[in-house]
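Q: Could you walk me through how backbone angles, exposure, strand pairing and cores are read in a model like this one?

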Amino acid sequence: MNKVLLASLLVTSLVMVEGCNSDSSSTQSVPDPTGSTGSGSGSGSGLSAATLALNITSVPDSLSVTYSSALKFNRYTQVQTPNGKSIHLIAQDKLSDNQIVRARSILTHYLTDYPGSEYGSDKSAVANKMADNGAILLLLNGQDDGTNPATNLGGQPLYQNEIQVEGGSWYINQTYDGHRDASFEEILHLLHDYGIGVDQNPEFMGVLADYQAEIRSAQITALNDKLWGIGSPDWIAELTPENSLTQEYLASVIDSYYGLWGAWAGSDTHGMWGGYVAKTRAEISNEDPLGAKLMDNKFFHPYLTYDARIDASFEGDFSLKFNAILGYTHHAQYLKYVTLTGDKSSNVIVNGLDNKITGNAATNIVFFSGSSAEYTIEKQADGSTLISDMVDNRDGVNRVIQVEQAAFSDTNIDL
């Protein structure tokens, strides 16, 4: 794990981060492994209106001395915290705008209140502590190979080649050839180190000591029982003196919990390159009961709370419903809200989580499981359409926006 360094940099003039449905683009395109349009606007040049509409700005003056154009930093966004401060996300020039938005969305997801949960019903203290501790997420060009001079700046690194974008070619194909989607892990490390808090350090920097105690207990059991850290004694020996065992263990649980290893062909049963005993959410319950308990109404939502921007390169049917033939649905099955971007004809298959689906500039169709007589279709005052399944435990209640058709097993209906 790359340890997060303290950085007490504050920004005096920031924009509020809101969900945005604009297509991501910038002034010039560069190749990107996600299949997204990369932002190569160049240091010192203005950002496009489409980029600014995503609440992505140039790096503020108060941060640009350290995170400079000479080091290829050219964009910035943030998550504002309840105490009026910010958690900063600072990006280099080869990251696509959609990658930046996705990183911000995952961080926001982790910090979204989880009503009724033991530690997450009000996450304001966690968010505030992260801001107070100077939490910064660095979105860096390339991969973690030691060649990027910005790696050792204050902040948690997350690399371009570690960030998938929903609907991008890497996401759809779910290839694991030498790299993987590490977004959830690295952003979790930032949350864990500076929000939740880590014990056995000289100072406990977080606010959830009781939850960390549960994480520590689960990690010790997993290590002792060979449920985690499997086949990696040298790595465990490296993590131990830097007190990173609980962070890396929790990341393994989270990755399998949100389906990031379901399509990996390297093992039929294990996740995290074979180092964790569970590959899917169901397997966590069966193989690592204490890990499952950490996910059970504690802090982390059972579905992804952010609005996933389906990349503009995508064309065809994007399935939110799990389909073993479509590897990406191991992950997409936990999405609840999606926005289609760009102008390619693309459609969405619902998954029963009461989806909210926003269309793009093309003609879009939303697919349902049953016949049209089994649903109610109600036009709303805001222009959206509410499509409700009258059969229990199937498609749920779905809100569609700027979508032209609803497809049922017997017919298509214009909306």
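Q: Is Gln402 buried or exposed?
A: Buried means under 20% relative accessible area, exposed over 50%, and partly exposed in between, with a 1.4 Å probe and protein chains only; Gln402 counts as exposed because its relative accessibility is 55%. This is a predicted model, in which local features need pLDDT of at least 70 and side-chain atom pairs count only at pLDDT 80 or more, while totals for chains, interfaces and linings use all residues. Residues are numbered from 1 along each chain as its sequence is written, and side-chain values use heavy atoms, with hydrogens and water left out.

Q: Where is Gln402 placed, and what is its phi?
A: Strands are DSSP runs of E with at least two residues, and helices are runs of H or I with at least four, numbered from the N terminus. Gln402 lies in the loop between β13 (397-401) and β14 (405-407), and its phi is positive, about 55°, although it is not a glycine. Asp354, in the loop between β8 (346-349) and β9 (356-358), is likewise a residue other than glycine with a positive phi, near 60°; Asp354 counts as partly exposed because its relative accessibility is 37%.

Q: How many bridges join β11 to β12?
A: Strands of a sheet pair through backbone hydrogen bonds, either parallel or antiparallel. Two strands pair if DSSP finds at least two bridges between them; here 5 bridges join β11 (residues 375-379) to β12 (residues 385-389), and the two run antiparallel. Thr376 has Ser388 in β12 as its bridge partner, and within the hairpin, which has 5 residues between the strands, Gly383 takes a positive phi near 95°.

Q: In what order do the 5 strands of the open sheet come?
A: The order is β6-β8-β10-β14-β15, with mixed pairing, and the edge strands, each pairing on one side only, are β6 (316-319) and β15 (412-414). Within this sheet β14 and β15 pair in the antiparallel sense over 3 bridges, and Gln405 has Asp414 in β15 as its bridge partner.

Q: Which residues touch the most other members of the largest nonpolar core?
A: A nonpolar core is a set of buried Ala, Val, Leu, Ile, Met, Phe, Trp, Tyr and Cys residues joined through side-chain atoms within 4.5 Å. Of the 87 residues in the largest one, Leu191, Tyr211, Phe300 and Leu335 touch the most other members. A second, separate core of 12 residues includes Val59, Leu140, Ala150 and Leu153.
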